[in-house]
Amino acid sequence: MNLSQWIDQIGDHNPQLFRELKGRFTPRYLTIATVISLMGQSLIFLIIKTSLPPDDIYQGFRNRYCLGSLPNESSDNVCLPQLGHLMINWQLWWLDIFITLSIIGLICLLTVGVYLLIADLAQEESRGTLNFIRLSPQSARGIFIGKLLGVPSLIYWGALLGIPFHLLAGFNAHIPFSLIMGFYGVVIASCIFFFNGALLWGLISPKLGTLQAFIISGVCLLFLSVMTGITLHAHYNEGTPFDWFTLFYPGIVLPYLVQGTFMSPQTVNYLPVKNLHDLQWYGLGIWQNTAFGIAFVIANFALWSYSLTQGMKRRFRNPSGTLLSKKQSYLLSACFIVLSLGFVLQTTDNHRLYENMQMLQAQMAVFMVILIAALSPHRHTLQDWTRYRHQNSKTQESLLKDLLLAEKSPSLLAIVVNFGMMLVYLLPAIFRFPLAPYREATIGGFILGGSVLLIYALVSQWVLLQKTSKRAIWATASVASLMIFPLIAFSFFSFTPHRMPQVWLLTFLPMVAVEKVGSLSLFLSLFGQWTIIVLGGILMRQQLKKMGQSESQGLLKKG
């Protein structure tokens, strides 16, 4: 069966995948991808080969791969001949090749794949074919699978060509085959996560063009590069909530493979497994067991990939709708707080635990801002909802149900419920763990932070209600300004939490200053925030009511 017949068979099962492969799996593109892959592997092999010492080197020269040692010196790695050849640690040499191929391969795979997917959706939008795909009888799931498998297909081809050499290096490094397969599973899971994220981003803003593909793939490259440097040598497990981010780096499991060679950490001198073993989740050393550790990383990728998929389905079929339903947001918030709190509780020192709670508040703020963007409906959606409410008189109970669950209703109450769920889950940990000197400050900080986030939600929804064009951009800019500009101003004027703690109560990180102010300042800050929230809610309710009346009158006049 030739290549064309194989692609035709794929078209019978997934037309979108057929469409993507037909334009990419041509002899020319396949040849270019093959040459790049083989040249890259050869270059890595030659570079690492040059690090081997030559056979004619003088005795006593030290090299990473030499196995000799002098009797009167404690240092190893001395180059000594044996039967006319130097004693070389070939296992270590092959391990270096394996790790280099793994890191470079996953960085190229993820970065280039993210770029291609976002750029492809931007091109579809510019050609006007994205709406045509939406109207096709294919399921959204089939279209996404076709995009995920088809758009980066040449990258997959180059990766497949590298597997034989990669396996050869792994076997010669004495890495168990099961661990290599586990690493491949993590890489596949990370591809699904990153590429789903790229598709969702491309669906959210397809009109921004290919420039956003460069920006997002650059951010992806920066994240992978930083995490590679941290994982290779530094102590990346600090016992903080930020340790969770390391699970989004597929190379996090490479220390297990290094450990599987049974070479000493001093010999390998990178990817220490101890850092991974020290990582805890609710005090459990899950990563001390290799199988559990790899499974947890894959499960983390799978959970958030599924969440991204739900947003993709909604955005694909309804570009003007919200990314999440209110029911989905409640489940997502529950998953977030359960996962993130587990990494907070890695210490029993009360001061460090309080600092971890401050970091958790920062994570919650970012998560809630993303949730605000995903739940806040636009003007036309709210017009439909208000007209329906105005034409059909309902009880207060049905209004409450609408605000909690309905697709087109304002998001403010749903944001309150999401934050309230997380706070209720946090309270037992706050009272159960040794936070005695900081317990009241922790609770007060979370309550103040929630009030500030509620103001952000009000501002975002208010901007989305306006008649201006590009409301989403203005709403994003408004919330970003409220979050970032105060911090910049405080830094410029040296308003640190120690010198001017009162002003920090107005930011999304009030916990850094709560313990430094009195009860009166806390009360006044909370009173001022809720005054803004209540007045803003009243003004928004009046505007929605006015919109509903005017829309209904307009329809009656047309009738």
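Mentor: A salt bridge is a side-chain nitrogen of Lys or Arg within 4 Å of a carboxyl oxygen of Asp or Glu. By that rule R19, E20, R24, D120, E124, R127 and K147 are linked in a network of salt bridges. The model is predicted, so local features need pLDDT of at least 70 and side-chain atom pairs count only at pLDDT 80 or more, while totals for chains, interfaces and linings use all residues. Residues are numbered from 1 along each chain as its sequence is written, and side-chain values use heavy atoms, with hydrogens and water left out.

Trainee: What makes R24 and D120 a salt bridge?

Mentor: The closest N and O atoms of R24 and D120 are 3.4 Å apart, and the limit is 4 Å. The pair therefore counts as a salt bridge. R24 is in helix α2 (residues 15-24) and D120 in helix α4 (residues 90-127), 96 residues apart. Helices here are DSSP runs of H or I with at least four residues, strands are runs of E with at least two, and both are numbered from the N terminus.

Trainee: Why is the contact of E124 with K147 called a salt bridge?

Mentor: The N to O distance is 2.7 Å, and the rule asks for a value within 4 Å. E124 lies in helix α4 and K147 in helix α6, so this pair ties together parts that are 23 residues apart in sequence. Both residues are buried. The whole structure has 12 salt bridges.

Trainee: How do you know whether L271 is buried or exposed?

Mentor: Buried means under 20% relative accessible area, exposed means over 50%, and partly exposed is in between, with a 1.4 Å probe and protein chains only. L271 has 3% relative accessibility, so L271 counts as buried. L271 is in the loop between α11 (265-268) and α12 (273-278), and has a positive phi of about 50° although it is not a glycine.

Trainee: What makes Y282 partly exposed?

Mentor: Its relative accessibility is 27%, which lies between the limits of 20% and 50%. Y282 is in the loop between α12 and α13 (290-317). Its phi is also positive, near 55°.

Trainee: Why is L211 called exposed?

Mentor: L211 has 56% relative accessibility, and exposed means over 50%. L211 is in helix α9 (residues 211-232).

Trainee: What makes the largest cavity a cavity?

Mentor: On a 1 Å grid over the protein atoms alone, a cavity is a set of points where a 1.4 Å probe fits but cannot get out; lining residues have an atom within 4 Å of a point. Grid points are joined across faces, edges and corners, and a volume is the space filled by probe spheres set on the points. About 70 Å³ of space lies in the largest cavity. Its lining is L121, L130, I133, I143, F144, K147, L199, L203 and F316.

Trainee: How do you know how many of these lining residues are nonpolar, polar or charged?

Mentor: Ala, Val, Leu, Ile, Met, Phe, Trp, Tyr, Cys and Pro count as nonpolar, Asp, Glu, Lys and Arg as charged, and the others, Gly among them, as polar. The lining of the largest cavity divides into eight nonpolar, no polar and one charged. The lining of the second largest cavity has six nonpolar, three polar and no charged residues.

Methods
On a 1 Å grid over the protein atoms alone, a cavity is a set of points where a 1.4 Å probe fits but cannot get out, and a pocket is an open set with protein on both sides within 12 Å along at least five of seven lines; lining residues have an atom within 4 Å of a point.
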